[in-house]
Amino acid sequence: MQPPNGTINMNEQKSFEEFYNSLLAGDRAKSSAIADELLRYGLTVKQLYENIIRDSLYDIGQMWAEGKISVATEHMASAIVEAILNDHYPQIISSRKNNQTMIATCVENEFHQIGIKMVADIFELNGWNAIFLGANTPTNDLIDFIKLRNPDVLALSLSLDFNIPTLGKNLNLIRTQFPDLPVLVGGQAFNHHKDYVAPAPHVFYMKGLDDVESFAKSRQI
Ligand code: B12
């Protein structure tokens with residue numbers, strides 16, 4: 001019998017180390033097998049995403065910043081992670097749909113798309129139709145796309161500090177054209193802007209997937 005969701009009997013720290021090492025070794029099969037096993041043994045998708053995958057990438061980013069691994073190795077690791085997220089998509093889609101749509105993307109010039117993919121998946125797990133646009137969506141195209149798809153929520157991600165002004169530009173346009181559209185913002189750019197104040201009542205800064213899930217559940221119709 002498997003333990004209930006959220007409790008895991010396996011040693012999570014050991015699994016983290018194995019996953020991290022297999023990413024660095026470029027071993028896609030092993031990385032994917034570890035992710036499968038953790039889910040099978042009761043880790044939630046949120047826990048897999050944050051405690052295992054996100055934290056491995058944070059450590060890999062640190063290694064890269066210290067010059068201990070090459071850009072190529074970091075690219076290899078993030079490509080494996082993207083493959084794992086896509087491989088697990090069938091486990092993510094909820095059979096119960098709530099007829100609500102969200103759009104998830106990165107602001108213009110922002111190429112870090114793994115965190116916002118996780119955000120989209122958490123909405124999808126909770127019955128939403130999540131439209132994931134990925135990295136670097138030009139502001140004007142995003143505005144046109146919102147007009148076309150009329151989402152219930154927009155989620156914007158940015159990892160780089162210097163993209164904060166682009167977020168401001170997006171939010172100004174959105175506020176004028178879609179004054180009631182709730183907008184979630186998040187990503188590591190805010191680590192250096194802890195005093196960030198959302199500029200409008202319908203803009204919400206969230207740090208991680210627990211907050212995202214609470215929001216997705218609270219907006220169920
Ligand atoms: C992989 C990677 C890349 C890849 C991205 C590939 C891809 N497909 O996404 C590539 C090669 C493109 C890249 C490029 C660069 N990178 Co880079 N990259 C990374 C790395 C190693 C991992 C990023 C990642 O996926 N993390 C894991 C995800 C899951 O975490 P996350 O994004 O924080 O998301 C979580 C939360 O923040 C939150 N969240 C995220 N978005 C949102 C949105 C909403 C709405 C909500 C509610 C929540 C939320 O939820 C997630 C789950 O908890 C990081 C290291 C790190 N610390 O992350 C560096 C890092 C982000 N990169 C960095 C840098 C400097 C760069 C470059 C400038 C390097 C260069 N000189 O070219 C370029 C910039 C390119 C650009 N214009 O965007 C720095 C940023 C420093 C800074 N603060 O400005 C970091 C921190 C590395 C470092 N230690 O210095 N990078």
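Around the ligand stand 37 residues, and E50, Y58, F111, H112 and Q188 come nearest. A residue is near a molecule if one of its heavy atoms lies within 4 Å of it. This is a predicted model: local features need pLDDT of at least 70, side-chain atom pairs count only at pLDDT 80 or more, and totals for chains, interfaces and linings use all residues. Residues are numbered from 1 along each chain as its sequence is written, and side-chain values use heavy atoms, with hydrogens and water left out.

The shell divides into 17 nonpolar, 13 polar and seven charged residues. Helix α3 (45-65) is one of the elements that supply at least two shell residues. The largest share, seven residues, comes from α3. Others include α4 (71-87), α6 (114-125) and strand β3 (153-157). Domain 1 (12-92) and domain 2 (101-218) both give residues to the shell, so the ligand lies between them. Domain bounds come from an automatic or database domain assignment.

| Side chain | Ligand atom | Distance |
|---|---|---|
| S157 | nitrogen | 2.7 Å |
| Q188 | oxygen | 2.7 Å |
| H192 | nitrogen | 3.4 Å |

The whole structure holds nine salt bridges, each a side-chain nitrogen of Lys or Arg within 4 Å of a carboxyl oxygen of Asp or Glu. One of them joins D210 to K46, with the closest N and O atoms 2.8 Å apart. This pair links distant parts of the chain: D210 is in helix α9, K46 is in helix α3, and they are 164 residues apart. Helices (H or I, at least four residues) and strands (E, at least two) are DSSP runs, numbered from the N terminus.

Conventions:
Polar contact = N/O pair within 3.5 Å; in protein donor to acceptor, adjacent residues only side chain to side chain. Nonpolar A, V, L, I, M, F, W, Y, C, P; charged D, E, K, R; others polar.
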